[in-house]
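Please consult the sequence and the structure shown below while reading.

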Amino acid sequence: MSQALQGLLDLLDLEQIEENIFRGRSRPAIVPRVFGGQVAAQALVAAGRTVPEDRLAHSLHAYFLRTGDPGAPIVYTVDRMNDGRSFTTRRVVAVQHGQPIFALSASFQKHEEGFDHQAPMPASPDPETLPTSAERISGYDHIAADVREKFLETREAIDLRYVDEPPYGKFGEPREPHSQVWFRTNGKLADDPLLHVVLATYVSDMTLLDSILLAHGRGGWAVNDVVGASLDHAMWFHRPFRADEWLLYDQESPSAHGGRGLGQARIYTQDGQLAISVIQEGVVRAPRPH
């Protein structure tokens, strides 16, 4: 396992303070706030720690309430909403400086057999043929050196490969509001199903709003031509998967209006199984003149 991946796993491994209360820490992101994928993943860890092992996460619904302070610890309180015969529901609130910054509801289900169908996997090239994040960004001289360095630091634990040019690589003219990336962890993970769901949750917030930027020819936060933040996030975990094996993140934006944009996506295993559905709305604005 790479040192970067171990560092990410340590970041997501919360300290239990009391029953139903956990504490997490943060690390620097490209923008001076807590990365949304981190707080969502940590909240899911907190919820999962209160659930029987035979119940697997099948959905989460979350709201980002306030900007997180990366220099302060985050306290996660878990409300045991329901423990049913088939489903278990938890509500988690993340608190900093005495105020809630994030709220998550997550549902877990005991395995059962049932009807089975899925949307087909879209065409996509072999991920091994695509450039790595480091190879991509090394050719972008328009991105400041310190931003490139911080960008790569945040991606060290994850091997994330764009199928086409990312928004920050090619911008200025609108493109189709559709983006594909392949991703997996940079190293093998233990066989804990919750761990793989948590890692996928972490990665899911990295690129989901890209398709909004593409539709308007914007490069994004790396080139400072938009101002934005995640508002809410929802995921449904349909089938088993491993976050240390290639996953295709197929993303699109059906709408942007009123300073908000919607991204929706499906995540497939490399053999074509639909593993996860994701929807997120975010604030996406042109920078306001000073």
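The model is predicted: local features need pLDDT of at least 70, side-chain atom pairs count only at pLDDT 80 or more, and totals for chains, interfaces and linings use all residues. Residues are numbered from 1 along each chain as its sequence is written, and side-chain values use heavy atoms, with hydrogens and water left out.

**Salt bridges**

The structure holds 12 salt bridges, each defined as a side-chain nitrogen of Lys or Arg within 4 Å of a carboxyl oxygen of Asp or Glu. Three of them are listed here.

| Salt bridge | N to O distance |
|---|---|
| Glutamate 19 and arginine 80 | 3.8 Å |
| Aspartate 159 and arginine 161 | 2.9 Å |
| Arginine 242 and aspartate 191 | 2.8 Å |

The salt bridge of glutamate 19 and arginine 80 ties together parts that are 61 residues apart in sequence, because glutamate 19 lies in the loop between strand 1 (15–18) and strand 2, and arginine 80 in strand 4 (residues 74–83). Helices (H or I, at least four residues) and strands (E, at least two) are DSSP runs, numbered from the N terminus. Exposure is classed by relative accessible area: buried means under 20%, exposed over 50%, and partly exposed in between, with a 1.4 Å probe and protein chains only. Glutamate 19 is exposed because its relative accessible area is 58%, and arginine 80 is partly exposed because its value is 36%.

Aspartate 159 and arginine 161, joined by a salt bridge, are both buried.

Arginine 242 and aspartate 191 also meet in a salt bridge. Arginine 242 lies in the loop between strand 9 (227–237) and strand 10 (247–257), and aspartate 191 in the loop between strand 8 and helix 5, 51 residues apart. At 24% relative accessible area arginine 242 is partly exposed, whereas aspartate 191 is exposed at 64%. Salt bridges with shared partners connect Lys188, Asp191, Arg242 and Asp244 in one network.

**Aromatic pairs**

The whole structure contains 6 aromatic pairs. Rings of Phe, Tyr and Trp (its six-membered ring) pair if their centres lie within 6.5 Å; planes under 30 degrees apart count as stacked, over 60 as edge-to-face and the rest as tilted. One of the pairs is formed by phenylalanine 35 and tyrosine 202, edge-to-face at 5.1 Å centre to centre with 80° between the planes. Phenylalanine 35 lies in the loop between strand 2 (21–24) and helix 2 (36–48) and tyrosine 202 in helix 5 (residues 193–207), so this contact ties together parts 167 residues apart in sequence. Tyrosine 202 is buried, with a relative accessible area of 4%.

Another edge-to-face pair joins tyrosine 140 and tyrosine 168, with 6.0 Å centre to centre and 80° between the planes. Tyrosine 140 is in the loop between helix 3 (133–138) and helix 4, and tyrosine 168 in the loop between strand 7 (158–162) and strand 8 (178–185), so parts that are 28 residues apart in sequence are tied together. Both tyrosine 140 and tyrosine 168 are buried. Tyr140, Phe151, Tyr162 and Tyr168 form one aromatic cluster.

**Helix 4**

Glutamate 153 lies in helix 4 (residues 145–155) and is partly exposed at 45% relative accessibility. Arginine 155, also found in helix 4, is buried with a relative accessible area of 8%. The C-alpha atoms of arginine 155 and alanine 4 are 8.8 Å apart, although 151 residues separate them along the chain.
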